[in-house]
Amino acid sequence: MVKFDLLVIGEINPDLILWDQDVVPAFGQVEKLMEDATLTIGSSSVIMACGAARLGLRTAFVGVVGDDLFGRFMLEAMAERGIDTSACVVHPSLATGLSVILAQPGDRAILTHMGAIPTLTLEQIDSSLLRRTGHLHCGSYFLLRHLQPGLGQLFADAQAAGASTSLDTNWDPSGRWDSGLDKVWPHCDLFLPNAAEARKIAGSDELPQALDWLAQRVPTLAVKLGAAGGLARSGE
């Protein structure tokens with residue numbers, strides 16, 4: 001019996017957003033003043049789960065946090081938004097990840113402390129969840145280093161249990177842009193990169209060629225183009 005419409009696997013971290021019209025950090029112990037500072041729910045995976053829950057989908061999440069203030073902040077905020085966090089792992093000795101975002105009109109810079117984010121493993125995911133969910137989504141693949149070797153099998157198991165699957169890799173801080181994706185493509189129903197990520201993963205400077213390359217690997221491809229909107233393409 002399906003209990004959840006959506007199961008999200010991904011990173012958990014709050015965002016500390018510092019906003020100003022034109023302030024740029026400077027070393028040399030230079031202090032600059034910002035117009036606004038906000039501690040809020042972060043991580044693309046959690047934000048996606050919050051959006052799904054707000055739409056009325058029964059949503060569960062799996063990720064790792066530390067036993068600290070930021071971890072409790074995130075788990076409580078997710079639960080308040082109707083997300084089931086009972087399968088999340090609280091690591092006793094690692095810190096919860098954190099992103100500091102310097103935002104200006106039309107752009108932003110992001111500094112991320114990984115903390116517990118990359119430690120999630122296949123063994124920490126209850127396989128019975130796959131039989132109780134309609135769709136499995138994985139976000140920030142490139143940050144989940146310990147899960148990468150097993151994600152293809154996890155997606156295959158989810159499909160065998162009757163669930164559909166989707167992937168959002170986000171940016172690859174290592175710059176390698178592969179990390180075993182060839183094992184994930186055969187079991188991925190929907191891929192959700194932005195335009196820059198699509199070009200990097202496909203190894204092409206031209207977006208149309210990148211779309212063609214990716215469309216040969218996944219049945220459905222939806223690419224975010226920024227303010228201009230998105231582009232969807234079915235695989236061949």
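This is a predicted model: local features need pLDDT of at least 70, side-chain atom pairs count only at pLDDT 80 or more; totals for chains, interfaces and linings use all residues.
Rolling a probe the size of a water molecule over the atoms shows where empty space is left. The largest pocket holds about 1,300 Å³ of space. Its lining is made up of 44 residues. Closest to the centre of this pocket are S44, R108, N170, W171 and E197. Several elements each give at least two residues to the lining. Among them are the strands β2 (14-19), β3 (36-41), β8 (98-104), β9 (107-113) and β13 (220-224). The helices α1 (44-54) and α4 (195-202) also contribute at least two residues each.

By class, the lining of the second largest pocket has twelve nonpolar residues and one charged residue. No polar residue is found there. Both β8 and β9 also supply at least two residues each to the lining of the largest pocket.

The cysteines were considered next. A disulfide is a covalent bond between the sulfur atoms of two cysteines. The search of the whole structure found zero disulfides. For C50, the closest cysteine sulfur belongs to C88. The two sulfurs lie 11 Å apart, so they are too far from each other for a bond. C138 is in no disulfide either, and the nearest cysteine sulfur, that of C188, is 9.4 Å away. For comparison, the cut-off for a disulfide is 2.5 Å between sulfur atoms. Are C50 and C138 buried or exposed? C50 is buried, with a relative accessible area of 7%. C138 is also buried, with a relative accessible area of 1%. Both values fall under the 20% that marks a buried residue.

Helix α5 spans residues 207-215. Its buried residues are L207, A210, L211, L214 and A215. Around the helix axis they cover an arc of only 130°, so they lie on the same side of α5.

Notes: Residues are numbered from 1 along each chain as its sequence is written. Side-chain values use heavy atoms; hydrogens and water are left out. On a 1 Å grid over the protein atoms alone, a cavity is a set of points where a 1.4 Å probe fits but cannot get out, and a pocket is an open set with protein on both sides within 12 Å along at least five of seven lines; lining residues have an atom within 4 Å of a point. Grid points are joined across faces, edges and corners, and a volume is the space filled by probe spheres set on the points. Helices (H or I, at least four residues) and strands (E, at least two) are DSSP runs, numbered from the N terminus. Ala, Val, Leu, Ile, Met, Phe, Trp, Tyr, Cys and Pro count as nonpolar, Asp, Glu, Lys and Arg as charged, and the others, Gly among them, as polar. Buried means under 20% relative accessible area, exposed over 50%, partly exposed in between (1.4 Å probe, protein chains only). The arc is that of the directions from the helix axis to the C-beta atoms.
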